[in-house]
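Colleague: Could you take a close look at one part of this model for me? I'd like to hear about the ligand site and the pocket around it.

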Amino acid sequence: MSKFSEWFHNILEEAEIIDTRYPVKGMHVWLPQGFKLRKHTLEIIGKVLDRDHEEVQFPLLIPEDELAKEGIHVKGFEDEVYWVTHGGLTKLNKKLALRPTSETAMYPLFNLWVRSHSDLPMKFYQTVNTFRYETRHTRPLIRVREITTFTEAHTVHADKGDAEKQVREAVKLYKSIFDSLAVPYVITTRPDWDKFPGADYTVAFDTLLPDGKTLQIGTVHNLGQTFARTFEITYETESGDHQYAYQTCYGLSDRVIASVIGVHGDETGLCLPPAVAPIQVVIVPVIFKEGKEEVLEFCRKTQETLQDGGLRVHLDDRDIRAGKKYYEWEMRGVPIRIEIGPRDIENGTFVVVPRNTKKKEFLDYDLEKIMATVQEKLDDISKEMLEKSWQTMKENINTVEGVDEAMAKLNKDKGIISFSWCGDTSCGKDLEEKLRVDLLGVQEDLEEEAECVNCSAPAKHIALLARTY
Ligand code: 5CA
Ligand code: ZN
């Protein structure tokens, strides 16, 4: 898939995920199919976070003085903020920002909520739209100006160790979310020049898209005490003195859905993991003039049984060519197609075609067992999709010994480059410039002795770099 961008744009339209014709740049419309895909993705995210986070919802507008309070943070976002300046014809005394993210919306309230050590930890999340006036090339779901599906978690802790533990915990939660979506990832600690504005450090998830470029699909930030000091978030300790709290935050966006589409899709179109597919099973009756009603009745009963079992099933009884139906549902990424014709009914069989392999399988039909049979097939598909996407990812991570080799690899195989790095900022930035890449970050610290591939100083880390979205 050389022209991934074009493929991506086309499939969003053809599969009716997003309408990109809304007349504001970087802002798009979720169509019914896309909305369902988004809903099921959010169900997975919610299920993971709901275990020990409370869901809340804060206002969209942030007063200028609150946004401006944290100096480094506001500096990081100043080019990207949309402002509300008027109420009707009246100029507002205090400008209001459309949230680019919600630290400065939430933390003035955290100041009021956090009282005593017994209030901690606090863990909240919200799924809202956020606004960023992105100046780089916008792309639906990938770089938008209205992020419609921003799931941001914010936690408050009594001590540094707890906040650090929360960062590791959040990484674990995100792993389980991406595993459910069969989206593979690399995890790195971002270099200092690329961390979240106001964070002590940022841990990021990146996936690899078919054109060899990576996409940041989630980030976990350790905020230390920076915001707690700015917003006076303090708590009373057991011994009665007052301490600044420690905080973390972590977020996901529409990019999670972009990665599901991008990672699994192929020439035929979407290929959706069963967990989030708007339709998990489509039944296509194979109809001849004779016995039409019997076949349809049989298909309806099959649909009902599968629906009772909790599956999302569509019966396509339109009066059009079967081939046209097959094409359409494959393009839309429905994980399983079932075909049932008069001969199947006679023989007690049916046909299953998994979207990921497109290989026809003839199975025994038994209404009592059909639910289990189909569920098993769906589970197989989920497993196969997970294995395949991880394999592709791993095949596209290349270890290099030198800068020239990195350049050659990037030009030929694309993908992610793994290398030994000294950790020095000027060396890292030099490497980014030479190779026209982004240094994703540090994957792990080096145990053995090695030289930095760029400057030959002693290497401290294994780091990753790639061309990125
Ligand atoms: N407050 C923190 C944690 S929620 C925060 O805003 N982090 S962030 O800036 O890194 O954004 C969280 C995630 O949103 C990023 O990892 C990235 O995957 C996604 N994201 C950022 N900007 C955009 C954008 N313009 N369009 C789509 N997704 C975006
Ligand atoms: Zn170096």
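How do the residues of the shell around ligand 1 divide into nonpolar, polar and charged?

Modeller: Quick housekeeping before the tour. This is a predicted model, where local features need pLDDT of at least 70, side-chain atom pairs count only at pLDDT 80 or more, and totals for chains, interfaces and linings use all residues. Residues are numbered from 1 along each chain as its sequence is written, chains are lettered from A and ligands numbered from 1 in the order in which they are written, and side-chain values use heavy atoms, with hydrogens and water left out.

Now, your question: the shell around ligand 1 splits into 9 nonpolar, 7 polar and 6 charged residues. (Ala, Val, Leu, Ile, Met, Phe, Trp, Tyr, Cys and Pro count as nonpolar, Asp, Glu, Lys and Arg as charged, and the others, Gly among them, as polar.) That shell has 22 residues, with Thr101, Glu103, Glu134, Gln216 and Thr219 the closest; to belong, a residue needs a heavy atom within 4 Å of the ligand.

Some of these make polar contacts, meaning pairs of N or O atoms within 3.5 Å. The side chain of Glu103 has an N or O atom 2.5 Å from a nitrogen of ligand 1. Gln216 puts a polar side-chain atom 2.8 Å from a ligand oxygen, and Thr219 also has a polar side-chain atom 2.8 Å from an oxygen of ligand 1. On its own the ligand has 590 Å² of accessible area, and the protein covers 95% of that (Shrake-Rupley method, 1.4 Å probe).

Ligand 1 sits in the largest pocket, which takes more than half of its atoms lying within 2 Å of the pocket's grid points. A pocket here is an open set of points on a 1 Å grid over the protein atoms alone, where a 1.4 Å probe fits, with protein on both sides within 12 Å along at least five of seven lines; lining residues have an atom within 4 Å of a point. The space in this one is about 1200 Å³, a volume filled by probe spheres set on the points. It is lined by 47 residues, and Arg132, Glu134, Asp194, Gln216 and Arg255 are the closest to its centre.

Strand S11 gives the largest share of that lining, 6 residues, and the largest share of the ligand shell too, with 5. (Strands are DSSP E runs of at least two residues, numbered from the N terminus.) By class, the lining has 19 nonpolar, 13 polar and 15 charged residues.

Terms used:
Polar contact = N/O pair within 3.5 Å; in protein donor to acceptor, adjacent residues only side chain to side chain. Helix = DSSP H or I, 4+ residues; strand = E, 2+ residues; numbered from the N terminus.
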